[in-house]
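Let's take a walk through a protein model together, starting from a single residue and ending with the whole chain. Keep the picture in view as you read.

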Amino acid sequence: MESKKSRIPDFIASFALFEVGSTTLFQIGAEAKQDAWLVMLLAALAGLLLLLMHLAIHRLDPKRDLFELCRTYFGKVAGTFVGGIFAAYFAYEASRNLRDLGELAAYMLLNRTPLGVIILIAVLVIANSVRYGPREVFLICLVMIPFIMVSYLILISMIAGVGLIHVENMLPVLENGLLPVMKNVPDVISFPFGQTVLFLVFFPMIRQEKNMRRSILATYGITALFLILVNQINVLVLGPKLAETLTFPLLQVVQQIELVEVFERMDILFVLVLFIGLGTKLVLFFIGAVAGGSRITGTPYKKWVVPFAISIFGMSFISPNFTHHLWVGIDLVLKWYPIIQIGMPAILFILILVRKSKRRGEEEREIA
């Protein structure tokens with residue numbers, strides 16, 4: 001991949017858009033009902049620990065990305081296998097975001113256009129963006145982040161301003177105890193907070209500055225609080241039972257905004273914001289998969305764009321309908337994600353610590 005380094009503001013904008021991504025499209029921790037905010041909070045704290053581990057891995061070996069780290073510390077054969085798992089995971093996550101984007105476009109804007117045509121056009125546009133590499137994508141994210149921030153601020157202000165929020169929907173807190181909350185936390189760690197493992201691919205591409213770690217952690221904290229707020233708005237407006245059953249609860253909330261018969265179809269603004277978030281997440285996962293193919297095989301980055309575009313396009317049609325797509329994501333694959341998002345990086349972190357400790361001991365013996 002390219003050797004030019006990205007600036008921290010560019011990277012931070014991409015990190016924030018990635019975290020928001022498609023998260024606001026769904027009700028996270030819905031089974032905990034009015035305590036969904038507590039599920040999100042606990043999962044965000046666990047995700048913070050994972051992010052600290054990722055940053056520690058990068059600090060110990062700042063010049064290698066995720067795939068190079070795997071080959072260095074797991075060994076060539078095992079490292080290639082583990083790197084292949086990460087690349088496949090990134091490609092599958094890209095396919096899920098592609099399907100989400102296609103379904104949302106078909107539902108809101110292009111209901112007479114075949115889903116396959118929408119997804120094909122989307123993957124062609126995304127693949128063209130991926131071809132230019134992460135640095136250009138980061139710059140585009142920096143341009144888009146102010147629009148996203150202002151748009152969400154307008155939407156939240158309008159929801160509160162027209163009196164849709166009912167604080168009593170949050171009560172009683174912990175009505176059924178801690179069990180429903182703790183039961184949902186692992187899934188919410190996997191989506192969206194555990195997905196930051198992807199950024200082990202991108203950390204070496206950032207210009208090393210003193211405030212890099214602080215900036216990333218601050219961005220994570222602000223983004224997590226924003227996601228908790230937006231997720232809980234669904235409960236405050238719709239009530240816990242309705243928020244749990246709707247496919248796109250926040251879209252339903254936004255469609256209820258009616259202000260002096262002028263500001264009505266605000267759902268169009270929300271859909272546009274969602275497209276940008278979904279597109280960013282899709283592009284970054286796509287880049288992660290392509291980078292994996294390039295690093296593992298030692299071949300040029302651009303040669304892997306088309307093969308992964310074809311595979312991502314194909315995987316987006318694994319489910320015959322959107323209901324099955326959601327079921328696969330929530331009840332099937334999500335249970336296995338901790339192995340990739342937590343287990344493998346934790347083993348990698350331990351191996352790096354052992355190797356560094358062993359090398360330090362050897363150096364001390366040579367000096368003595």
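Met 144 counts as partly exposed, because its relative accessibility is 25%; here buried means under 20% relative accessible area, exposed means over 50%, and partly exposed is what lies in between, judged with a 1.4 Å probe and with protein chains only. You are looking at a predicted model, in which local features need pLDDT of at least 70 and side-chain atom pairs count only at pLDDT 80 or more, while totals for chains, interfaces and linings use all residues. Residues are numbered from 1 along each chain as its sequence is written, and side-chain values use heavy atoms, with hydrogens and water left out.

Where does Met 144 sit? Its place is in helix H6; helices (H or I, at least four residues) and strands (E, at least two) are DSSP runs, numbered from the N terminus. Setting aside residues up to four places away in sequence, Met 144 touches Leu 17 and Ile 276, where contact means heavy atoms within 4.5 Å. Thr 280 is 136 residues away from Met 144 in sequence, yet their C-alpha atoms are 9.9 Å apart in space.

Now follow the helix itself. At Met 144, shortly before the proline Pro 146, H6 has a kink of about 35°; such a bend is the angle between axes fitted to the seven residues ending at a position and the seven starting there. How far apart are the end C-alpha atoms of H6? They are 39 Å apart, which agrees with the 40 Å that its 28 residues (134-161) should span at 1.5 Å a residue; the expected span is 1.5 Å times one less than the number of residues. The buried residues of H6 include Val 137, Phe 138, Ile 145 and Leu 155. Among the helices that the buried residues of H6 pack against are H1 (8-20), H8 (212-238) and H11 (267-297). Just after H6, Gly 163 takes a positive phi of about 80°.

Just after H8 comes Gly 239, with a positive phi of about 90°.

Arg 295 is partly exposed, since its relative accessible area is 31%. Leaving aside neighbours within four places in sequence, Arg 295 is in contact with Asp 65, Phe 67, Glu 68 and Arg 71.

What about the inside? In soluble globular proteins, nonpolar side chains tend to be buried together. The largest nonpolar core here has 125 residues, and Phe 11, Phe 86, Phe 90 and Phe 202 touch the most other members. H11 gives the most to this core, with 17 residues. A nonpolar core is a set of buried Ala, Val, Leu, Ile, Met, Phe, Trp, Tyr and Cys residues joined through side-chain atoms within 4.5 Å. Beyond its neighbours within four places in sequence, the contacts of Phe 86 include Leu 66, Val 197 and Met 344.

Finally, step back. The protein has 14 helices and 0 strands, and 52% of its 368 residues count as buried. Along its principal axes, the C-alpha trace spans about 80 × 45 × 35 Å. Among contacts between residues at least 6 apart in sequence, 84% join residues at least 24 apart.
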